[in-house]
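Student: I am new to this structure. Could we go through a few of its features together, with the general idea before each case?

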Protein chains: 2
Amino acid sequence: MRIVALGFTLLWVLLLILIFSPTSNAKIASRFPSSIVRPDLASLSIKSQQFYETKYFTQTLDHFNFQPQSYQTFQQRYLINDKYWGGAQNNAPIFVYTGNEGDIEWFAQNTGFMYETAPKFKALLVFIEHRFYGSSIPFGGDKEVAYSNASTLGYLSSTQALADYATLIIDLKKNLTAEDSPVIAFGGSYGGMLAAWFRLKYPHVVVGALASSSPILNFEDLTSPYGFNSIITNDFRSESENCYKVIKGSWKEIEDTAKQQGGLEVLRNSFKLCKKAFTADDLESWIETALIYTAMTDYPTPSNFLQPLPAYPVKQMCKAIDNPTVGNDTFARLYGAVNIYYNNTGNATCFDIEDDSDPHGLSEWTWQACTEMILPTDGNKNDSIFPASEWDYANRATNCQFAFGINPRPHWITTEYGGYDIRRVLKRFGSNIIFFNGLRDPWSGGGVLESISKSIIAIVAKEGAHHVDLRFSTKEDPEWLRDVRKREVGIIRKWLSQYYNDLA
Amino acid sequence: MRIVALGFTLLWVLLLILIFSPTSNAKIASRFPSSIVRPDLASLSIKSQQFYETKYFTQTLDHFNFQPQSYQTFQQRYLINDKYWGGAQNNAPIFVYTGNEGDIEWFAQNTGFMYETAPKFKALLVFIEHRFYGSSIPFGGDKEVAYSNASTLGYLSSTQALADYATLIIDLKKNLTAEDSPVIAFGGSYGGMLAAWFRLKYPHVVVGALASSSPILNFEDLTSPYGFNSIITNDFRSESENCYKVIKGSWKEIEDTAKQQGGLEVLRNSFKLCKKAFTADDLESWIETALIYTAMTDYPTPSNFLQPLPAYPVKQMCKAIDNPTVGNDTFARLYGAVNIYYNNTGNATCFDIEDDSDPHGLSEWTWQACTEMILPTDGNKNDSIFPASEWDYANRATNCQFAFGINPRPHWITTEYGGYDIRRVLKRFGSNIIFFNGLRDPWSGGGVLESISKSIIAIVAKEGAHHVDLRFSTKEDPEWLRDVRKREVGIIRKWLSQYYNDLA
């Protein structure tokens with residue numbers, strides 16, 4: 001059986017090769033879409049039938065300007081589940097997922113925490129899809145038109161998305177006669193950034209936000225551009241020094257081999273690649289993808305996300321490197337590690353490292369990464385598990401100009417949402433935000449890791465990976481994870497009881 | 001000497017006749033530009049030489065979208081005065097006026113409170129002009145282009161203006177190496193709304209805001225549409241019941257007279273109008289303008305604003321009605337009252353009620369009143385000093401469609417900035433805003449009149465008119481006004497000392 005590498009990661013890499021940099025390390029930048037875990041779609045798509053009803057809202061194209069074309073509308077998808085809702089007459093709460101850069105069904109299926117918490121609060125569940133993703137496509141729902149150029153893509157921005165959420169929620173509450181039902185926002189990764197910003201910008205719409213693994217400080221020079229890869233390095237190094245050294249040494253070995261007569265064939269056999277035509281760069285990207293996403297989704301229980309993975313997959317990768325079952329050389333060890341990510345089921349006979357399918361509709365993140373979302377993450381110090389490299393903004397700008405004919409606005413996010421001196425700014429402003437971060441997650445480097453006030457609270461799990469708290473619980477969840485979720489529920493309970501007190 | 005009626009009020013009335021309603025009462029709606037007092041320009045223009053330096057900032061046309069045209073820039077004017085500034089090395093504060101719908105020089109000349117308070121805090125003074133007004137015109141500074149249609153005017157919005165202010169301030173502080181200097185926003189009327197919203201939306205840019213006479217609750221059904229005119233009614237009625245009755249009775253008398261043979265000539269002679277061609281409606285608008293603006297600027301000291309006025313001009317108008325010097329009929333009494341507003345110097349020989357000059361560049365408020373700024377103010381109950389009438393949103397919409405080919409978005413302001421349940425929402429969110437309102441000011445009906453938290457504070461002056469606190473002080477200022485300013489200075493001092501403590 002031929003197993004393809006997870007589509008969008010490769011698409012992403014391919015786009016990044018095209019757009020961002022000719023060097024392999026720059027490819028690592030801005031892998032934001034991939035930061036969201038993929039469920040076992042087969043099993044969840046059955047479950048999801050009972051999870052929600054699909055609805056559409058007629059949304060305004062441009063909230064902030066009043067040109068004739070600003071008044072165009074599009075159908076914005078949202079999913080709703082009222083199974084547990086206590087109803088408008090009781091002012092029962094509404095839990096809203098602020099959708100990120102992909103199909104909302106995918107996020108809904110991956111945010112079990114909301115489903116499991118809803119009965120405790122008799123909450124209505126609403127998952128709103130982000131404009132330009134999934135089925136929420138402006139310009140008549142026609143992706144060919146919407147994605148065609150900067151004139152149409154220009155309406156894809158975080159501020160428009162937040163205004164969409166505000167508009168939709170206000171209208172929904174009105175239609176439900178639930179104006180006094182408190183709304184709590186939930187989000188992970190970019191969705192977590194949106195949840196936090198939503199509370200900060202629209203406190204009249206949401207009473208609180210759980211922002212999980214949201215690197216809102218990963219802009220400009222707020223966070224070191226070496227942070228992301230240095231956390232990945234530590235993840236592997238913490239398992240075994242040898243594991244780290246083998247991976248670190250492999251890049252040169254791959255490149256040296258590729259240069260030799262027949263070297264690519266050696267590599268192809270070592271990594272069981274299906275196609276003959278590939279470069280060392282392609283192979284490195286494919287391996288890097290496995291390492292990065294395994295670090296991000298280094299969960300304590302078996303999972304079925306980007307790929308089916310065992311519990312503690314980083315540990316498993318290092319075991320494969322330290323105690324290889326087949327062969328003893330670097331490539332055999334590395335192949336064993338990569339196999340954990342790409343072939344945990346053991347069914348693959350060869351790998352297609354150039355697969356460019358995009359099952360979750362994440363492609364337009366490239367546009368966002370070329371306009372607002374300039375997250376410097378791809379620096380590598382000398383001790384990085386990846387080859388040393390520098391974050392290169394100029395290169396990003398050049399490639400975005402080439403791809404879309406526009407320039408990024410690298411200062412816009414901090415202008416609009418802040419970030420500098422966040423502790424001082426939010427110490428006496430704002431309330432009711434939980435910032436969850438797992439320190440195994442490379443994105444935690446750009447997260448809020450210390451509480452800012454009594455109600456702007458950081459929850460940090462040393463053992464945690466990317467928004468692990470939002471996942472469905474399992475019987476095998478470790479104590480620390482159950483504690484994190486308990487704490488989050490407790491804080492949300494406090495917000496709600498405060499809200500009801502104020503209401504009364 | 002022929003004295004013309006103050007240009008923009010008439011322009012406004014004319015525009016409103018055209019755009020908003022065929023009924024005289026609808027004209028009263030949205031007289032927002034006029035809410036800002038005009039200084040004695042002759043004397044202040046000399047003073048202003050020493051007040052500020054004029055500078056320009058290259059501003060982005062569209063902050064929220066990323067279309068090719070979004071990247072266009074324009075020159076945004078700001079005025080700066082560093083005479084009192086303690087400098088970046090001392091992190092001395094920056095006082096910013098968030099410019100409203102007109103020439104920024106006019107606002108700068110009329111916000112003496114900032115000049116007089118700056119030395120106390122060693123503050124830098126900055127007055128930023130609102131896009132599409134004064135010299136801050138997009139599309140190459142060409143008003144003919146910028147004002148030509150909805151495609152260009154479409155970029156005139158409050159959200160874009162706030163983003164302008166954030167962008168400019170961040171850049172200015174960087175250029176001054178004053179990143180740690182705290183910024184306080186000041187504004188009156190629409191500028192006060194912008195100041196309050198600026199603190200709420202950009203807490204990372206401003207540490208506090210003095211929002212004077214800012215009717216942020218004058219949207220949708222948050223405030224009664226009868227409130228505005230009912231305050232004007234009370235202003236006159238509180239001076240004398242007879243005064244109120246004479247004015248209230250005059251509308252029918254004017255209309256009845258106009259219908260009679262030779263009646264317009266009677267009216268022309270009674271009110272000393274220069275031109276023969278006018279309607280009863282024109283005359284009524286002209287009188288209404290005088291009544292409304294006199295109520296708004298009912299200051300306790302002589303002033304030179306929209307027109308030169310004596311201290312307590314409403315009282316003076318009622319004196320003219322109650323104790324007429326020439327003639328005893330309704331028209332003679334009313335003429336005496338109107339004369340207080342249009343001819344306080346006594347030099348006018350006749351009045352041009354159709355003057356449409358716009359010395360302060362306020363015309364584009366009409367666009368704002370047709371898009372976001374739907375402030376329902378022109379209802380009149382049976383006991384109103386003006387004829388009974390209803391707020392008519394449909395009529396506004398029709399006329400805006402006719403004028404610009406676009407529809408208003410009457411729910412947008414509350415969606416973006418909130419308003420409903422403001423006490424509950426801001427009780428636990430946000431900080432450091434002063435809402436000043438004078439209860440003689442018809443706009444106070446849409447203001448925040450009760451403190452919301454320890455640091456979101458309402459200051460209400462029973463005797464106060466439209467942003468009287470922001471005016472230059474005089475030796476004749478009553479005790480209550482001096483107290484208001486003292487309180488404001490004290491609160492700002494607290495914000496700043498808290499900021500410096502947090503910084504240290």
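Tutor: Let us start with one pair: the side chains of B:Arg428 and A:Asp502 form a salt bridge, at 2.7 Å from N to O. The term means a side-chain nitrogen of Lys or Arg within 4 Å of a carboxyl oxygen of Asp or Glu. Before we go on, this is a predicted model, in which local features need pLDDT of at least 70 and side-chain atom pairs count only at pLDDT 80 or more, while totals for chains, interfaces and linings use all residues. Residues are numbered from 1 along each chain as its sequence is written, chains are lettered from A and ligands numbered from 1 in the order in which they are written, and side-chain values use heavy atoms, leaving out hydrogens and water.

Student: How many salt bridges are there between chain A and chain B?

Tutor: The count between chain A and chain B is four. Over all chains, the whole structure has 38 salt bridges. One pair to look up is A:Asp235 with A:Arg440, at 4.0 Å from N to O. A:Asp235 sits in helix H9 (residues 227–239) of chain A and A:Arg440 in the loop between strands E11 (433–438) and E12 (456–461) of chain A, so the pair ties together parts 205 residues apart in sequence. Helices (H or I, at least four residues) and strands (E, at least two) are DSSP runs, numbered from the N terminus.

Student: What area do chain A and chain B bury between them?

Tutor: Buried area is the accessible area (1.4 Å probe) that two parts lose on being put together, summed over both. Here chain A and chain B bury about 4,700 Å², with 53% of it on carbon and sulfur atoms. A:Phe66, A:Arg409 and A:Phe429 supply 18% of the area that chain A buries against chain B, more than any other three residues. Each chain brings 54 residues to the contact, where contact means heavy atoms within 4.5 Å.

Student: How do I read two packed helices?

Tutor: Two packed helices are described by the angle between their axes and the distance between the axes. Axes are lines fitted to C-alpha atoms, for helices over the stretch in contact, and angles run from 0 to 180 degrees between N-to-C directions. In chain B, helix H12 (residues 280–296) and helix H14 (residues 330–342) pack at about 60°, with axes 9 Å apart. H12(B) and H14(B) are therefore oblique to each other; angles under 35 degrees count as roughly parallel, over 145 as roughly antiparallel, 65 to 115 as roughly perpendicular and the rest as oblique.

Student: Is the crossing of H12(B) and H14(B) left-handed or right-handed?

Tutor: The crossing is left-handed. That word applies if the near helix is turned anticlockwise from the far one by less than a right angle, and right-handed if clockwise. Residues making the contact include B:Trp286 and B:Tyr293 of H12(B) and B:Leu334 and B:Tyr341 of H14(B).

Student: And what is the angle between H4 and H19 of chain B?

Tutor: Helix H4 (residues 112–121) and helix H19 (residues 479–503) of chain B cross at roughly 45°, their axes coming within 12 Å. That makes H4(B) oblique to H19(B), and their crossing is right-handed.
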